[in-house]
Amino acid sequence: MNRIRLNIFVLGCLLIVFACKERRSEKLVELAVQKDTFGFTALPTNILSPANNPQTKEKIALGKLLFYDPILSGGKDVACATCHHPKTGYAEFLDVSIGSNGKGFGGKRRFKKPNNIPFVKRNAHTILNTAFNGLIKGDEYSPEDAPMFWDVRAKSLESQALLPIKSFEEMRGAAYSEEEILRELENRLSKIPEYKKLFKNVFGTHNAISAENIAKAIAAFERTLVTNNSRFDQYMKGDSTAIQLSEKEGFALFKKIGCAGCHSGPMFTDYKTHLLGVPENEKIKQIDSGLSRTFEFRTPTLRNLRFTAPYMHNGSFVSLKKVMEFYEDISNDKVRNKNIAVNEFDPLVKELDFSAKDISLIISFLNTLNDDDFDKEIPEKVPSGLPVGGDIQ
């Protein structure tokens with residue numbers, strides 16, 4: 001008889017626990033679907049382009065060839081795709097990139113010997129969805145003013161496209177100066193009959209091969225690399241079954257604890273720079289002080305995080321769990337970078353209010369932002385005849 005009473009008591013306790021958990025889940029889900037002020041919506045289906053660089057099928061095809069052709073680098077060994085490859089989500093599985101004088105792909109990439117080229121000092125942003133940079137809410141944004149790079153030093157994909165080519169450690173190398181490299185590339189492409197024909201067909205003149213048109217073509221291709229049908233996008237369009245209950249709880253917590261203070265809008269970024277005190281990467285010999293030496297770096301998108309580890313501007317953290325633990329630390333005044341004092345942290349950090357038990361739910365929500373439906377087709381060859389994607393074999 002006592003055993004029966006004990007079993008009934010245990011069963012009653014379990015029912016109370018499950019009921020409390022269910023009420024908590026329902027409350028969090030209710031918070032998740034409430035109208036918020038953070039501008040969370042699905043990504044648009046319409047992709048905008050600058051007035052002076054409209055999309056055409058021919059321009060996109062030319063841009064794709066240029067993106068994969070190492071002819072654009074000083075040593076003819078690095079392409080845009082070397083560090084932004086579809087197999088790695090148009091990002092790279094390295095903390096900081098190896099550009100000029102490098103060999104190999106992804107985590108196996110190494111410098112050739114001898115070498116006097118430094119590491120690229122920042123983590124390679126994914127190119128996926130950069131077409132939407134600048135989008136704050138709805139579907140209105142200015143592609144001419146889209147913020148680029150960790151320090152927002154360029155606006156628009158067109159402006160961004162040429163800067164890695166001119167960078168010593170990324171693509172230029174030691175053979176050419178910053179002033180010489182673009183003229184050298186124009187000369188190289190002009191000697192390749194296929195490129196001469198393609199540029200003329202796209203831009204309509206015999207002398208169409210120019211640095212400006214190279215940038216326009218690459219930008220046109222990059223604007224096709226969008227992932228606007230993640231499970232989160234489907235959920236925001238009205239499919240309540242697209243994400244699971246635990247993921248809805250994570251979404252509610254994401255907003256409640258303060259993550260949405262910086263990671264807001266359809267792209268989950270405010271595009272602003274913030275000072276967080278991320279630890280330095282020992283591979284980088286000179287301290288990276290960010291935007292105007294303020295140690296501030298732009299808020300990255302949270303879309304497609306599955307493809308973009310390691311995280312932060314210098315790849316300091318190998319997992320999302322490590323990132324979340326870092327935020328927990330700095331919200332509690334724990335310094336991870338000796339060059340930055342606690343009182344210099346961005347004020348928004350102080351508004352974060354979460355504990356270790358919240359981390360798994362938030363990470364489960366972040367996984368709803370992944371979408372692997374993007375262009376993975378790699379050209380069989382490029383007009384220069386060089387190895388497609390650079391020296392990555």
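## Terms and model

Contact here means heavy atoms within 4.5 Å, and helices are DSSP runs of H or I with at least four residues, numbered from the N terminus. This is a predicted model, in which local features need pLDDT of at least 70 and side-chain atom pairs count only at pLDDT 80 or more, while totals for chains, interfaces and linings use all residues. Residues are numbered from 1 along each chain as its sequence is written, and side-chain values use heavy atoms, with hydrogens and water left out.

## Helices α2 and α7

In α2, the residues E58, K59, L62, L65 and L66 meet E194, Y195, L198, F199, V202 and F203 of α7. Sorted by type, the residues of this contact are eight nonpolar, no polar and three charged, where Ala, Val, Leu, Ile, Met, Phe, Trp, Tyr, Cys and Pro count as nonpolar, Asp, Glu, Lys and Arg as charged, and the others, Gly among them, as polar.

## Nonpolar cores

A nonpolar core is a set of buried Ala, Val, Leu, Ile, Met, Phe, Trp, Tyr and Cys residues joined through side-chain atoms within 4.5 Å, buried being under 20% relative accessible area with a 1.4 Å probe, protein chains only. The largest has 40 residues, of which F254, F268, L276, M312, F326, Y327 and L366 touch the most other members. Two or more residues each come from α9 (231-236), α10 (245-256), α11 (320-331) and α13 (356-366).

Leaving aside neighbours within four places in sequence, M312 is in contact with N123, W150, L276, V278, F317, V323, F326 and Y327. A second, separate core of 38 residues includes L72, A81, L182 and I214.

Note on methods
Buried means under 20% relative accessible area, exposed over 50%, partly exposed in between (1.4 Å probe, protein chains only).
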